[in-house]
Every structure is written in structure tokens, then in C-alpha cells.
Amino acid sequence: MGTYFWISFLIIQLMVTVAKPQLIDSQLKLPNCPSTDPTLNYRPVIGIVSHPGDGASGRLNNASDVSYIAASYVKFVEMAGARVIPIIYTEPPEIINQKLNLVNGVIFTGGRTKEGLYFEVVKGIFKKVLEKNDAGEHFPLLAICLGFELLTMIISKDNNILEEFSASHQASTVQFVENIKFEGTVFGRFPPVLLKKMSTHCIVMQNHRFGISPERLQANKDLCNFFRILTTSVDKKNKVYVSSVQAQRYPITALQWHPEKNVFEWGSSQIPHTEDAIQVTQHVANYFVSEARKSSNKTVNSKVLDNLIYNYSPSYAGKVRGSFEEVYLFTSRPTLSSL
């Protein structure tokens, strides 16, 4: 009996030894990770320009100097791996310029205001964007909806160049221009199947009353020399307007549609939330932030930290029937001693 016990014990031990996984040499060594590209900035920061009002028709704050940034734009940037510094349009020009020196790109958001101080501030920031790029700094700009319209007015030097369209709360397709070259554009990394769906499925969100037709854009020498048309779209009355453009010489993209809404806004039943629509948002965000990573501007971290959007808290605008789910509100210039 004792002999049988020891034989059984030895057999079990042998089985355990054989079954124990053996680590190969490559598993015993630390992983040999390839080094990152030293020419890229892996901590990009994006400046988003605030817009007049509270984003909720005064139901959150009706102060005359209040401005807001919809949180969807902030999340849009963050989902692609960047942080945000709010550029509050009511701040003194010297503060705005100092903030521009902290960021690696800028977003002009949607909205309504096309005049007054806001228009002049956007115009001044656009001038700075061109100057930075002309000086050799890669400094991208993404203009969305109203942002596109303002660029059209500024570049054409014609505040009456926009036309009326019926494209409020409308999910739509985009039609790519003939013989388009996607490389180097916002659509350059889109999967071919998604590009095809964008022209057949309503997976981009439009929400505007103004825009510009291809004919009017091409008839304006300044606009034609600055932009090339990438896509057009059709409004509810079958009128065609330009929906996506790219600058010829600068890392500037303008979209009449809202890439940020597909993922982060829920106030309208027309906003597409399909998986394809979500991919559109992600690819646009990835493209813009990838352009910002090309910026050589790597500022002192403490200055960035003092100005990040994390120093503010968003308000729930959706609960009071606002235009957005959440907004960041700005009513006075904060103390920014580090600037």
C-alpha cells in the first residue's frame, strides 16, 4: 500500500511539473518598445474660443458679459488625446495673445453672433493663426458651422456674402467633389467604407441658416484662392451649399456641419448616433489633434495647468432646455498670474 502511495504521489508531481507553463526568454526580458517620434508633441493643447451668451437663452445666466463653450467641443478634443484652454473672447487682447502662445491649435465653434466684439476677436485670432504658420509654426485651426461662416466673411472681406439655407436640425449626407484627393485632408484617414456611407447615409449633423453655395465661393477670388472645396450638401429645399473646405496653404479646415454633436449632444432627435456617425466624430477629432501634435510649441507646464478648462465646472444646460447638454460659462476674466 505504501509503495502504491508513493508511486501515485510521484506521478502527480510529474504531471504538475509538465503542466506548469514555461516562460520563454522573450517573456523574461523587459519589452523593447520603439521610441516615439521626437518631432511630435504628445501633450497637445487646443484653444477653444468662447461664444457670447449662455447657450440656453439666458436661462442659466443672463449677464451681458457672459460667454460659453459647449462641453461637447471640449470632449471632442479630449477624445482624441488633447487638453483644452478656453479663450474667453471678452478678455483683453494681451491675455488672448498669451493664451494663443500656450496652445497648439484653435477651434472656432458654432453659434449665431456675426458682429461686434466677437467678430473682431475671431478676426484677430484668425490673423494670428496665419502669422504663426507663416513664421514656420504648424498651428491648425478647425472652424465649425458659425466658425466656417465667419471665415468666409473674413477672407472674402464681405460681411454680406453668406446665403440663406434651410438646414436647421438636419441630419444629412456629404457629397465629395469630383476627383477629390483625400490625402492630407480631414478625410485622409477615414476608412473607404465610411467615406462611401457619408455620401449615402445621413450621418453628419447640420444646424445652420446660412452658408455659401459652390458657385458663390468659386466666384470670389479671395475665397477661391484660399480654400478648396471638399464636400457639398443639400438643404431641406434641395439647395446645394459647401459643407467642407480645406485651406490651400495652411492647416485650416472648415466644416459647415457639427462633428462633435454625434457623440455628445442629445437635445435633438435628428442628431445621428449610429456607430458610423460616432466613427465620423472620432476620425475628425483624431485628424485635428494629429495636426496639433505637429506643433513645436511646448510651453512650461505650470502655465498650461493654470489655464486649462479643468479650472472650470460645466453647467447642465439640457435640463433647462438649452441648446447643449453641458456648457462652460465665463462671466469675468479669471486671475491668471502665471501669464
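Visitor: Is Phe227 buried or exposed, and what is its relative accessible area?

Guide: This is a predicted model in which local features need pLDDT of at least 70, side-chain atom pairs count only at pLDDT 80 or more, and totals for chains, interfaces and linings use all residues. Residues are numbered from 1 along each chain as its sequence is written, and side-chain values use heavy atoms, with hydrogens and water left out. Buried means under 20% relative accessible area, exposed over 50%, and partly exposed in between (1.4 Å probe, protein chains only). By this criterion Phe227 is buried, its relative accessible area being 2%.

Visitor: How many aromatic pairs are there?

Guide: Rings of Phe, Tyr and Trp (its six-membered ring) pair if their centres lie within 6.5 Å; planes under 30 degrees apart are stacked, over 60 edge-to-face, and the rest tilted. The number of aromatic pairs under this rule is eleven.

Visitor: Which kind of aromatic pair do Phe148 and Phe227 form?

Guide: The centre-to-centre distance is 6.5 Å. With 70° between the planes, the pair of Phe148 and Phe227 is edge-to-face.

Visitor: How many residues apart in sequence are the parts that this pair ties together?

Guide: Helices (H or I, at least four residues) and strands (E, at least two) are DSSP runs, numbered from the N terminus. Phe148 belongs to helix H6 (residues 146-156) and Phe227 to strand E10 (residues 227-234), so the separation in sequence of the parts tied together is 79 residues.

Visitor: What is the relative accessibility of Phe148?

Guide: Phe148 is linked by ring pairs into a cluster with Phe126, Phe226, Phe227 and Tyr250. Phe148 counts as buried, because its relative accessibility is 1%.

Visitor: How is the pair of Phe187 and Phe190 classed?

Guide: Phe187 is buried at 0% relative accessible area, and Phe190 is buried at 5%. The ring centres of Phe187 and Phe190 are 5.4 Å apart and the planes stand at 75°, so the pair is edge-to-face.

Visitor: Over the ring of which residue does the charged end of Lys239 sit?

Guide: A charge sits over a ring if NZ of Lys or CZ of Arg is within 6 Å of the ring centre and within 35 degrees of the ring normal. The charged end of Lys132 meets this over the ring of Phe139, 5.2 Å from its centre. For Lys239, the distance to the ring centre is 4.8 Å, and the ring is that of Phe165.

Visitor: Which residue in E12 is the bridge partner of Gln246?

Guide: Strands E11 (residues 240-247) and E12 (residues 252-255) run antiparallel and are joined by three bridges. The partner of Gln246 in E12 is Thr253.

Notes. Two strands pair if DSSP finds at least two bridges between them.
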